[in-house]
Amino acid sequence: MLPSQMMKGILDNCILIVIAQEDTYGYDISQKLKSYGFSDISEGTIYPLLLRLEKNGCINSEFRKSASGPNRKYYTITKAGHLEIQDFMKHWKELQQGVAAVMGGYAYES
């Protein structure tokens, strides 16, 4: 499990990327993240992040009719959200390269 601060920054951007792929709602986002391997992420974690991303102008939301119950709050990405993803991906690649370089000189024994 990743430390919470590191996970928070990564998770924010993973949520943005999921929303960038298609407009979606909170439960669907949590299910998609679980399918990608984020098994410890609950809906209770997702909704505060969505609220913050919306307050920061990275996403917009609107209620839409649902065929299977009450209206759902759908999220769409904004231009600021796309820019945030691009910035994250640049830094992620730099971090990946640095960590890979450090790990290349380490012999792990289990």
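Student: What should I know before I start?

Tutor: This is a predicted model, where local features need pLDDT of at least 70 and side-chain atom pairs count only at pLDDT 80 or more, while totals for chains, interfaces and linings use all residues. Residues are numbered from 1 along each chain as its sequence is written, and side-chain values use heavy atoms, with hydrogens and water left out.

Student: How many residues does helix α3 have, and what does it reach from its first C-alpha to its last?

Tutor: Helices (H or I, at least four residues) and strands (E, at least two) are DSSP runs, numbered from the N terminus. The expected span of a helix is 1.5 Å times one less than its number of residues. Helix α3, residues 43-55, has 13 residues and reaches 19 Å, close to the 18 Å expected.

Student: Which residues of α3 are buried?

Tutor: Buried means under 20% relative accessible area, exposed over 50%, and partly exposed in between (1.4 Å probe, protein chains only). In α3, Ile46, Leu49, Leu50 and Leu53 are buried. Seen down the axis of α3, these buried residues fall within an arc of 105° (taken from the directions from the helix axis to the C-beta atoms), so they line one face of the helix. The face turned away from that buried side carries the exposed residues Gly44 and Lys55.

Student: How many bridges join β2 to β3?

Tutor: Two strands pair if DSSP finds at least two bridges between them. Here 7 bridges join β2 (residues 59-66) to β3 (residues 69-77), and the strands run antiparallel. A hairpin connects β2 to β3 through 2 residues, and serine 66 stands opposite glycine 69 in β3.

Student: How many aromatic pairs are there?

Tutor: Rings of Phe, Tyr and Trp (its six-membered ring) pair if their centres lie within 6.5 Å; planes under 30 degrees apart count as stacked, over 60 as edge-to-face and the rest as tilted. That rule gives 2 aromatic pairs. The rings of tyrosine 25 and tyrosine 74 have centres 5.3 Å apart and planes at 65°, so this pair is edge-to-face. The pair links distant parts of the chain, with tyrosine 25 in β1 and tyrosine 74 in β3, 49 residues apart.

Student: And what about phenylalanine 88 and tryptophan 92?

Tutor: Their ring centres are 5.8 Å apart and their planes at 25°, so phenylalanine 88 and tryptophan 92 are stacked. Both lie in helix α4 (residues 79-104), 4 residues apart, about one turn of the helix. Phenylalanine 88 counts as buried at 17% relative accessibility, while tryptophan 92 is partly exposed at 34%.
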